[in-house]
Amino acid sequence: CEFSSVDKANDFYKVIAFYAILPVIVPAFFSFLWLVVACVKRKGLHDIIGKAEKFTVLDHIILTNVVTLFLMYPTICNKTISLFACKRVGPLAYLDADLQEQCFQGRHLVMVLTLGIGQIIVWVFGLPGFAVYMMRKHKQHLARPDIGFRFGLLHHGYRLERYWWEAVVCIRKVFFIYSKFI
């Protein structure tokens, strides 16, 4: 076979590493774009911007990052959990992405301990946890227009006292994705 020497596991690990840094790069890029817009319009971070003339540059940066991370979350979880997806062949388990790579041995073990566990802590459970923390911090002001503009995507579909419910939905998504790999 022409591609028998291609190391699929290595390519798979590169994709996992890319998705590990993506939630940092994309929001940083969009924040930079908003700062460029602010500079072009000669506005400061706390100056009002936009046609509605209600929200600041910082409000737009936070909203853009919340929406971006919200949309990326299922894919990040899927890629992270796929690192733990193994098929049992006899007494041994092999990586789903490359059946020549033995699970939890050598390179795979290093990737699981560095990227896998790190991504689970920071992105899979950390993002919903951080969202709950930010909304809890602003719990008394969730009905304010600026706070609603920033975090409304995460709580507007629920009663104000249930601002944390979107985190429960996110964790349900994680278990749904996990069940795909079992």
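I started with the disulfide between Cys-86 and Cys-103, whose sulfur atoms sit 1.9 Å apart. My rule for a disulfide is a pair of cysteine sulfur atoms within 2.5 Å, and by that rule the count comes to one. The pair links distant parts of the chain: Cys-86 is in strand 3 (residues 86–89), while Cys-103 is in the loop between strand 4 (92–95) and helix 3, 17 residues apart. I took helices (H or I, at least four residues) and strands (E, at least two) as DSSP runs, numbered from the N terminus. The angle about the S-S bond is -105°, and the link of Cys-86 and Cys-103 is left-handed.

Before going on, a note on what I am looking at: this is a predicted model, where local features need pLDDT of at least 70 and side-chain atom pairs count only at pLDDT 80 or more, but totals for chains, interfaces and linings use all residues. Residues are numbered from 1 along each chain as its sequence is written, and side-chain values use heavy atoms, with hydrogens and water left out.

Next, accessibility of the cysteines. I call a residue buried under 20% relative accessible area, exposed over 50% and partly exposed in between (1.4 Å probe, protein chains only). Cys-86 comes out partly exposed at 23%, and Cys-103 is buried at 6%. Cys-39 is exposed, at 59%. Cys-77 is in no disulfide, and the nearest cysteine sulfur to its own, that of Cys-170, is 7.6 Å away. Cys-77 is buried, with a relative accessible area of 0%.

I also checked Phe-104, in the loop between strand 4 and helix 3. Its phi is near 55°, a positive value in a residue other than glycine. Phe-104 is partly exposed, at 38% relative accessibility.

Then helix 5. Which of its residues are buried? I get Glu-166, Ala-167, Val-169, Cys-170, Val-174 and Ile-177. Seen down the axis, they fall within an arc of 160°, so they line one face of helix 5. The arc is taken over the directions from the helix axis to the C-beta atoms. An α-helix has 3.6 residues a turn, so residues three or four places apart point the same way. The face turned away from the buried side of helix 5 carries the exposed residues Arg-172, Phe-175 and Phe-176.

I compared the length too: the 17 residues of helix 5 should span 24 Å at 1.5 Å a residue, and the end C-alpha atoms are 25 Å apart, which agrees. The expected span is 1.5 Å times one less than the number of residues.

Phe-125 lies in helix 3 and is partly exposed at 41%.

Last, the largest pocket, at about 370 Å³. Of its 20 lining residues, the closest to the centre are Val-66, Leu-69, Phe-130, Ala-131 and Leu-154. A pocket here is an open set of points on a 1 Å grid over the protein atoms alone, where a 1.4 Å probe fits, with protein on both sides within 12 Å along at least five of seven lines; lining residues have an atom within 4 Å of a point. Helix 3 supplies the largest share of the lining, seven residues.

Conventions:
Grid points are joined across faces, edges and corners, and a volume is the space filled by probe spheres set on the points.
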